[in-house]
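Please look over the sequence and the structure below. The paragraphs after them take up one chain's fold, then the contact between chains, then confidence.

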Amino acid sequence: MSYTSFIYLVFIALTFCAYYLILPRYRWVILLAANFVFYAVSGWDNLLVILLSITASYLVAVRMGDLHARFREVKAAGELDKAQLKELKEQNRKQRQRWLVLGLIVVLAVLIAVKYTNFLLRNVYSVMNLFGIAHDDLFFQLVMPLGISFYTFQIISYMVDVYKGKIEPQRNFLKYATYVSFFPSVVQGPIPRYSDLGTQMFAEHRFSFDNLHDGALLILWGFAKKLILAERLNFFVTDVYSNYATNSGVLLMLATMAFSIQIYADFSSCMDIASGTARLFGIRLAPNFLRPYFSKTMPEFWRRWHVTLGNWFKDYVFYPISISKFSLKLNKKVRKLFGGEVGRIVTSCIPVLAVWILTGIWHGPEWKYVIWGLFHGMLIMLSTIFAPHIENMVKKLHIRTECFSFRLFQMCRTFFLCCVGRVFFRAGSVRMSLTILKRICTTTGFYQIANGKLYLHGVNAANMKVVFFAIVVLFTVSVLQEKMDVLEAFKKQNLIFRWLLIYALFFAVLIFGCYGPGFDPSGFIYEKF
Amino acid sequence: MEELLNVLKRALPKVDWETDMALVDDGVIDSVDVVSVISEITDEYDIEIPSEEMEPENFNSVEAIYEMIQRLKED
């Protein structure tokens, strides 16, 4: 069930009515039923896969919760001295760790099995070909459960947080299942934390007109971004990238920039629809986009793009590696030998690279994503290494940094670097990406965009005007969002003005949106992950 | 506290440790900087920082770091 389909709107309308018709304390049951229907529509086999991960993680978390409780009881009894308590704490930690490892193995094995088996086989066959070993090209027809990459990470964060004692496990299996399979966020995130979503989900929500207004407006805004802008840009990008071998560098560059805008409009629109839907039920999802294209550096970009995934990697991969005994020992040695700055760089390189390789693989079982991840990992590392040197250079050259022109230069630079990475993300393979980059660098071919030829690539002149206008609107709203809470500011405006804008947006979606019979929507880019 | 301040200044000399009270929340120091801080304080105070202590509020200011160190020493 696509988030931008009519049936989805009917589905959330029915869920909304049912949700507020029953007693507040049982409202989560409606969400569970809705999650079940939403997920079952995508296929019964998908439902079995998610149930397996839910059941395994539920049992593991409850067991770890029991172990925590047992330790607390012993500690509260006050019968053990400090040394005995320390020993017991360590034993308890080791027991929890065994359960955690078991849980991680199960949920990651499910993810790897359904998402990466064929990728692994393909690479094994390539190696066998290299050594001339005969083999059958055996591949599996595997189901790819909806949002498996997202809910697996959600489950991992839940188990790790229970292991650490940061949260208490949810002992009601059905409530836990409601949390994991929450339909607005299960497909593409945001990747929630139990301490946030779990707390909100089971609170008793009363009907609020504000929530209805804000939720509906967010959904409408999401529809506009997806159907008016992202879908149109998709026509252009697909057309240009399909003929990459003959298209000129300028055209390919334009398509890559268009793709950067498309993927933002696409993914952030889904987040708006997800957040809007959750808001209808009185739940606020964590923000996933903070106007990333206004970032001045790549590290900043990644703090503002897909925020919940970045935070997930920071908390569950970067920090555990960074503060491991090995890393800290290495840091100590390098600092002794080469000084603090080198030590800082060396120790940050290992976790940064690990995070980015994993981020790449997380996006999909293809080498192009690994290269894309490595590219961004390298950029982050270079940014860390050269930041002080660039700062010194800027000072020596007396370049003004506290002015708009410098910030604009930084934003353009970040956008450009981002576009280079996007080539790998959008192209069909690494080879194709390299060919496109080569053509961008070595061919110009302005004739391919001059004299109206730009309009021959999937989007005609009239539609290109719509794209241009939509980008201006998106940009204006983003600039305003940098300065204020646009939704709150909107609510303070006069009633007539507000309804005029709502109607304008509604009719813009109706008139300029790409939908309806004969139109095959491209789906959301991130739902494939 | 004074001793800790010197350790932190050694780790990240450009940070205004005396006045800033929301270093992580305000983005003054990032995750790489946090690791540099951990590296210095684990060395200096011979403690281990478990992953559950990796919370922004524990690194937002000198006071927060000091409290975390005291807590870990007691454990």
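Among contacts in chain B between residues at least 6 apart in sequence, 62% join residues at least 24 apart; two residues are in contact if their C-beta atoms, placed from the backbone, lie within 7 Å. This is a predicted model, in which local features need pLDDT of at least 70, side-chain atom pairs count only at pLDDT 80 or more, and totals for chains, interfaces and linings use all residues. Residues are numbered from 1 along each chain as its sequence is written, while chains are lettered from A and ligands numbered from 1 in the order in which they are written.

Chain B has three helices and zero strands, in the order α-α-α from the N terminus. Helices (H or I, at least four residues) and strands (E, at least two) are DSSP runs, numbered from the N terminus. The C-alpha atoms of chain B fill a box of roughly 30 × 25 × 20 Å along the principal axes.

Confidence is given by pLDDT (the predictor's confidence in each residue, from 0 to 100). Chain A has a mean pLDDT of 90, with 98% of its residues at 70 or more. Within chain A, confidence is lowest in helix α13 (residues 325-338), at a mean of 80, and highest in helix α6 (residues 173-180), at 96.
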